Amino acid sequence: MVISSSSGKNFSSKNSPWLNLEAGTTAWEDFSPSDQEAIVRHYSPKIRIIALRMKSKLPQNVELGELISAGSLGLVESLGKFRPELKIKFETYAENRIKGAMLDELRRMDWFSRGLRQKVKTIENSIREIEHETGEKPTSAQIEEATGFSAKEVQQGLEALQNQLCVNLDAFNDNIPNNIDPQLDDEPFQNTLFQETVDKVADLIDNLTPREKLVLSLYYGEELNMKETSEVMEITEGRVSQLHSQALKKLRKMFLEKYSTEP
């Protein structure tokens, strides 16, 4: 099979430069400029796929182009730092660095519009009040009735709240288990392995109670301290600390039950 790059250079499936990169037979800096271009173009579609997936879960004010631009920088960085001897596939490694670069960009920008931020706060307040009155997790219909928002607005606000927390999940790195090799300290591969852990933890958050999710959102997403979190939630600092510890304990337990390979 013959593959053509944008420069018109043909590659057989056996001597494609990206295969040499994967195998470790040629380092990124040793490729010719045309081969480097071919490698970048080969992996570039992955950037758009990841950006589209992420964009579908974010507010409309986040531009797809901003995510793609950040992801492109992540791809280029991964090409220069890839180490095949550590037995991690480049595509897996690059995907995590691309996603990480996009999340870094989201952290830098104020990706909540002013209107959406106010909706999220209103929804958070309603969740607290309903939970306090009923002792149960509120339904979307209950939130709609309490806030006067449409079903679409409530769904958008809940998704924004969830994504805000996921973007900041790595803030509690030390609170979740991992199998990262200590010899890889400060290596880009550690970031890849940790990002995989973060993705797994994000899937478990829906199993927490509304108050537990709210504490994590305020503490890690809004970066409030315990006192500020207690004031927002109208509970004591001791209760905030209890909910915080309780949420992390639950996440750790669920993580171990679902992903642990230990006997």
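Predicted model: local features only at pLDDT ≥ 70, side-chain atom pairs only at ≥ 80, totals over all residues.
I then stepped just past the end of α10, where Glu-234 has a positive phi of about 60°.

Zoomed out for the inventory. I count eleven helices and two strands in the protein.

Next, burial and contacts for the whole protein. The chain has 263 residues, and 41% of them count as buried. For contacts with a separation of 6 or more, I looked up the share between residues 24 or more positions apart, and that comes to 64%.

On to helix pairs. How do α2 and α3 cross? Helix α2 covers residues 33–55, and its axis comes within 9 Å of that of α3, at a crossing angle of roughly 140°. I had to check the cut-off here: roughly antiparallel needs an angle over 145 degrees, so I log α2 and α3 as oblique to each other. The crossing of α2 past α3 is right-handed. The residues in this contact sort into twelve nonpolar, three polar and two charged. From α2 I noted Ile-39, Val-40, Tyr-43 and Ile-47 among those that meet α3. The α3 side includes Leu-64, Leu-67, Ile-68 and Leu-75.

Then the next pair along, α3 (residues 64–81) with α4 (residues 90–108). Their axes lie 7 Å apart and the helices pack at about 135°. That angle makes α3 oblique to α4. Handedness: α3 passes α4 in a right-handed crossing. What is the make-up of this contact? I get eleven nonpolar residues, three polar and five charged.

On α3, the residues meeting α4 include Ala-70, Gly-71, Gly-74 and Leu-75, along with Glu-66, Glu-77 and Lys-81. On α4, I listed Phe-90, Tyr-93, Ala-94, Ile-98 and Ala-101, with Arg-97 and Glu-105 also among them.

How values were computed:
Residues numbered from 1 in each chain as written. Heavy atoms only, no water. Axes fitted to C-alpha atoms, helices over the stretch in contact; angles between N-to-C directions. Helix = DSSP H or I, 4+ residues; strand = E, 2+ residues; numbered from the N terminus. Parallel < 35°, antiparallel > 145°, perpendicular 65-115°, else oblique. Left-handed = near helix turned anticlockwise from the far one by under 90°. Contact = heavy atoms within 4.5 Å. Nonpolar A, V, L, I, M, F, W, Y, C, P; charged D, E, K, R; others polar. Buried < 20%, exposed > 50% of the residue type's maximum accessible area, 1.4 Å probe, protein only.
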